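Open the model in your viewer and keep the selection panel at hand. The stops below go from one group of side chains to the next, and then out to the whole chain.

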Amino acid sequence: MNTLSRSAFAARRHLLMLGLALCCAGVQAQVPAQVPAIGQGPGYHDPRSPFKPLQEREGVLSWSLLSSVSTKAEKNRLVPTFPAPVQALNQKKVKVQGFMMPLEPGDKQRHFLLSSVPTSCSFCVPAGAEGLIEVFTQQPVRYTLEPVLVEGVLAVLSDDPYGLFYRINGGQGLGAP
C-alpha cells in the first residue's frame with residue numbers, strides 16, 4: 001500500500017491549493033495590463049476557451065453598452081453610475097445573449113446568471129457586475145455551455161443588496177443566438 005508521509009502530503013496539498021489559486025487567478029500573467037482582473041469589468045474571454053466570443057447582433061442588447069457603467073466608492077461599497085442610454089433601458093423589454101451560470105440544481109433553470117463571457121473556472125466569476133445579469137424566467141431554460149438568448153424586462157439596479165447591476169424579470173429563453 002502506497003502511503004504518503006505527513007510532509008509529502010502537506011507538500012501535495014500545498015501544490016493543489018496553489019493550482020486552484022492560479023486557476024482562479026486566470027491567465028492574468030498572460031493578459032495585457034489594460035485588461036481588468038477576473039471578476040471585474042465586462043469580462044475577459046480567454047483565447048483558450050472552446051467557445052467563440054459573442055458577436056453583437058441587431059435587436060440584441062449590447063454588453064458594451066451594459067458595461068459602460070462606472071462605479072464610485074461610497075462608505076463600504078461600490079455604487080454604480082449608469083449613463084443615460086442604460087438608464088433608459090430600465091423596465092424595458094430587451095433581448096440579451098450570454099452564457100448561463102446556474103443558480104439552481106438540475107438541467108432546467110428558472111433563476112440563473114447570464115454572463116458576457118463563458119466561465120473558465122468553476123470557482124470564479126467571469127466578469128464584474130457590469131458583465132452579469134440575474135435572470136428569472138417564467139418557463140425553465142435548459143442549461144447549456146453554449147450561448148443562450150433571453151428576452152424579458154430589464155431592471156437597472158442602483159442599490160442591489162448583492163451588488164448586481166442588472167436583472168431580467170419575466171424572462172423567456174429564446175434558444176441559441
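Select E134 and R167 to begin: both residues are buried. This is a predicted model, so read each distance below as a value computed from predicted coordinates.

Keep E134 and R167 on screen and show their side chains. The two form a salt bridge, with 2.6 Å between the closest N and O atoms. E134 sits in strand β5, while R167 belongs to strand β7 (residues 166-175). The pair links distant parts of the chain, 33 residues apart.

What does D160 form with R167? The answer is a salt bridge, whose closest N and O atoms are 2.8 Å apart. D160 is buried, as is R167. With E134, D160 and R167 displayed together, you have a network of salt bridges linking the three residues.

Next, clear the view and select R142 and D107. Here R142 forms a salt bridge with D107, and the closest N and O atoms are 2.5 Å apart. R142 lies in strand β5 (residues 132-142) and D107 in the loop between β3 and β4 (108-115), so the pair ties together parts that are 35 residues apart in sequence. Colour the two residues by accessibility. R142 counts as partly exposed because its relative accessibility is 49%. D107 also counts as partly exposed, at 43% relative accessibility. How many salt bridges does the structure hold? There are 3.

Q97 is found in strand β3, which covers residues 92-102. Is Q97 buried or exposed? Its relative accessible area is 5%, and therefore Q97 is buried. Look for the backbone oxygen of Q55: the side chain of Q97 reaches it at 2.7 Å.

Finally, select the whole chain and switch to a cartoon. The protein chain has 3 helices and 7 strands. Traced from the N terminus, its elements run α-α-β-β-α-β-β-β-β-β. Switch to a surface for the last stop. The protein chain exposes about 11100 Å², and carbon and sulfur atoms supply 55% of that area. Of its 177 residues, 37% count as buried. If you display contacts as well, consider those with a separation of 6 or more: residues 24 or more positions apart account for 64% of them.

Technical notes. Residues numbered from 1 in each chain as written. Predicted model: local features only at pLDDT ≥ 70, side-chain atom pairs only at ≥ 80, totals over all residues. Heavy atoms only, no water. Helix = DSSP H or I, 4+ residues; strand = E, 2+ residues; numbered from the N terminus. Buried < 20%, exposed > 50% of the residue type's maximum accessible area, 1.4 Å probe, protein only. Polar contact = N/O pair within 3.5 Å; in protein donor to acceptor, adjacent residues only side chain to side chain. Salt bridge = Lys/Arg side-chain N within 4 Å of Asp/Glu carboxyl O. Contact = heavy atoms within 4.5 Å. Areas by Shrake-Rupley, 256 points an atom, 1.4 Å probe, with all protein chains shown as cover.
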